[in-house]
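I opened this notebook to record what I looked up in the structure, one region at a time. The entries follow the order in which I went through them.

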Amino acid sequence: MTAGPFCWQIDQMREYLNTLRTSFLHQHPNGSERTVRSITGLEELLDRLEAESSRIADLASLQKETGDCTISPIEEELITDDRGVIIVAGDGMEALLNVPIASLKGKPWGIYLHPQSKDLYSAITERLGHGEVIHAAELYLQPRNRGVCPIAVKAKPLISADGTIEGMHWLVRVIPERHQANRSLQATEERFLIAAESILDLVYEHETATDQVRWFGRARDLHQYPVTGHGWEEGIHPDDREQVKRGMTMHLRTGAPFAEEYRLRLRDGQVIVVADRATAIRDRAGRPIRWVGAITDITVQRRAAEALKQSEERFRTLAESIRDGLTIVEDRTVVYLNEQAAAIFGYPREELLKMNPLQMAEPEEVPLLTALLDEARRNQILPEVLEFWIHQKDGSRRCVQNRFTSIKDGRYSVITTDVTGRRTADEENARYAKDLEEKNEELRTAATRLRRLTADLDDQKERLRSVLTATPEEILIIDRDLRISYLNPSAASALQMNAGESLDATVQVLGIPGECISSILEKVTRVFAGGDVIRGQYRREESSAVRHLAYILSPIHDRTGEIEAILMASRDITDRVTAAEALAESERRYRSLVDLAPDAIVIHQQGRFVYLNPAGARLLGARSADQLIGTEMTALLHPDDREMIALRIRDMEAGAVNSAPLTEVRVLRSDGVQVTVEITSAAIPYNPGQAIHSVLRDITARKKVEKDLQKAVHDLKESNRDLEQFAYVASHDLNEPLRTVLSYIKLLEERYGSALGPDAAEMIGFIVDGGERMKEMIADLLDYSRLTKGPAFTTVDCEDLLRTTLAQLEHQVTEERARVTHDQLPCVSGDAGQLQQVFLNLVTNAIKFHGPARPQVHISAARSRNTWTFTFKDNGIGIPADAQERIFLMFQRLHTQAEYPGTGIGLAICRKVVERHGGELWVESNEGQGSTFLFTLPAPTSHHGGQVPGLLGQGRCKQ
């Protein structure tokens, strides 16, 4: 049999020629030698056609072998019923899921997926339930006793003869390059969730691709916040939206921190003020893929600040309107005074704000005034009125009356009145009764001081009693007999004893283990002997748990200065001890992860290694990390790369930058081997000072693969150019002998048609028909070879394409009584000539392959984000499910030429045109129920990079 795309036609024509020769010689044993030579010449031409066809087949095979230079991982098969329950699983699924094959059957496929993939898996199964085919999707597996594993899946529904979906066929493959990254991501996400749940702010993560928002935190009203970026934007107060957008744009453009305060409307209608601090996470191309940030509700603070501002404005207005001087003092320093006060004191306001008011008093009155104010501060009772003489800046002497009013936290206000005239008169009158008044004053002062001292002592006792009662610390007093003479309520509650004094209990009631009680008693003895203050820790075993406490031992002196007892104050530090132990365990686990990491992780300080993990030692060619500790990091770099890396290290050590971007450098290992690595670095705190943390990954093998891939791509381009040139030449060379064959056949028919008889005439007709079909196939093959080239894409109006198509098919539409309808069609970016061919082929096929009913065709288009999906739906004979992919291959036909004429290459051309435009072409059909051909095309973009919106009218495609 002949090999090649024309094998069937060539073999059929050879059979016709043999039959013609036999029939002619039988009827004309002494027939014309010229006729015999003509038949022999036709056979020679067929031999040439056969050789050319073989050459085309060999080139097509080469293109198929080199058409895809990527290496596809092995795909594992899985078959489930329509509910997703596993029926059949490939052998590889056992290793992938870490579950025996026998245990997989009858289990829902979805239970082996990570919770993060549940929603996407539900959407995929729903689409499969509607008969759709899933060409590519990414999910995350959660194998038993293993980490998360990223996978790529394809799936299609299994449809019975009556159209019912009986099951689903899945193809699963691991995405190996993401597997290790996914493990690190999982660990990072766990630490992130722990941190987010431990703070009071709300932490969010906004995925830009899906527009989904995830929230973390301990807030009770977390559900009130939006779950999509669109909902968030709608909730921002209209007056604040431009401010937020400017902050995000500035962050994306310059890297400036995004920190904004704005009003946000929650789902229940409540409006709050939030402080938003966020950063954009970018992919390697620099495109933002998600936002991560934290939101703080500052509504109360904002309202309080506004109220405080209004209150201060009212206060200043009132203060400047009164006739007396007003001064506010804090810690003997003037923090505010009005103009009247400055006039009375005789100093500029600016100087008074820096002075102690007592600096203006008479020198002999300063001690008394100081004592009075100190005593008032101790008693927290300000004097009602104080009068004293002051010296103004110009030397004038004035007497001022000061009325004190306590404000808060040690601050007080003073209303000052100039009473110089009255005071002068009073002093003249007082001079006559000075002696008597001095005696009386001494008695009154003594009595006052006695009362104040008594009140002060009572206050001190009351305050001490209040402090001991309210403090959460456990306080007890130990006398010289090592017995407990006092317990405050906190200690009494912890020890299940009565609070108060006159207790008859020893320190053993504290529940301290024996090894600790001996140490505490020894320290108590030291305090009694030397009067030192001693600190320590101990643990107390209680019924439900063990508590850790920190204590302090302080001596208590009697009036003679002797130590009469010891105050022991204990504080519960269980949480702190537990946290310290957890931190130590966390650091141990982190060190284990670093030691087991496949990438090289090194820390260098002042240019020298201070730490390397085992992978780092192996990458740099050392037997162990100790071999490289203390050596210069840049000494292992290629001489051409040292200056660049040294400059980045200096910038990070100087604090100019915090990190360095991913960079490729060459490393000279200790054993002399040169390897290429990717390195990224960041400055970290390291005792002492700062250090540089770097991660290195060996990409030597990858660089070699990239180089080989570039060469393969170059070779493939050269091969494709040769193939296109050959297809053009081959088509031309095939046409020449084909024209000769047809010419001779027609000449034979004209001269000897009547002599050959009806059978021969029929065979000649077959030959002519086969030649014409071959001519069409050669033309289609030439068109197919030219599809990889074409003019630059422009904006194409699909309404115009359909009108041109229907005009060209007017005769066929009329002859078949076809009804072609369509919705309004959009504008797309592409090659108008090639897209015209797609429309023409699909409408032609929809009309041609019809049943007994009148052909009906409907064309529509629907947009999903940046993609248009076109639908060509007919009521024809339909396509069997097992042939729905084969019809897109070249020269693949489902019907004979007599049933439906054609070359079998039209749909192959359509698919290649659509793929050249960045889309996909597929068919959905049930045999006998019509077919729906669908293909996707990108929506055109504007000059500013945005999408051209919607469907427009005539002439709407101009940008």
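Strands (E, at least two residues) and helices (H or I, at least four) are DSSP runs numbered from the N terminus.

I noted that the model is predicted, that local features need pLDDT of at least 70 and side-chain atom pairs pLDDT 80 or more, while totals for chains, interfaces and linings use all residues. Residues are numbered from 1 along each chain as its sequence is written, and side-chain values use heavy atoms, with hydrogens and water left out.

I then traced the open sheet of five strands, which has the order β23-β22-β26-β25-β24 with antiparallel pairing. Its edge strands are β23 (608-612) and β24 (659-668), each of which pairs on one side only. Neighbouring strands of this sheet are turned by 35° against each other on average, direction ignored, the axes being lines fitted to C-alpha atoms, for helices over the stretch in contact, with angles from 0 to 180 degrees between N-to-C directions. Helix α19 (residues 639-653) packs on the sheet and touches β22, β24, β25 (674-685) and β26 (690-698), its direction making about 150° with that of β24; contact means heavy atoms within 4.5 Å.

**Helix α5**

Next I looked up α5 (residues 118-129), where Y121, I124, T125 and L128 are buried, that is, under 20% relative accessible area, against over 50% for exposed and partly exposed in between (1.4 Å probe, protein chains only). These four cover an arc of only 95° around the axis, which puts them on the same side of α5; the arc is that of the directions from the helix axis to the C-beta atoms. I recorded β3 (134-141), β4 (149-159) and β5 among what covers the buried residues of α5, whereas the face turned away from the buried side carries the exposed residues D119 and E126. After α5 comes G131, whose phi is positive, near 90°.

**H169**

Last, I checked H169, which lies in strand β5 (residues 165-174). Is H169 buried or exposed? H169 is buried, because its relative accessible area is 16%. Leaving aside neighbours within four places in sequence, I listed E77, L78, I79, K154, A155, K156 and L158 as its contacts.

Key
Pairing = 2+ DSSP bridges.
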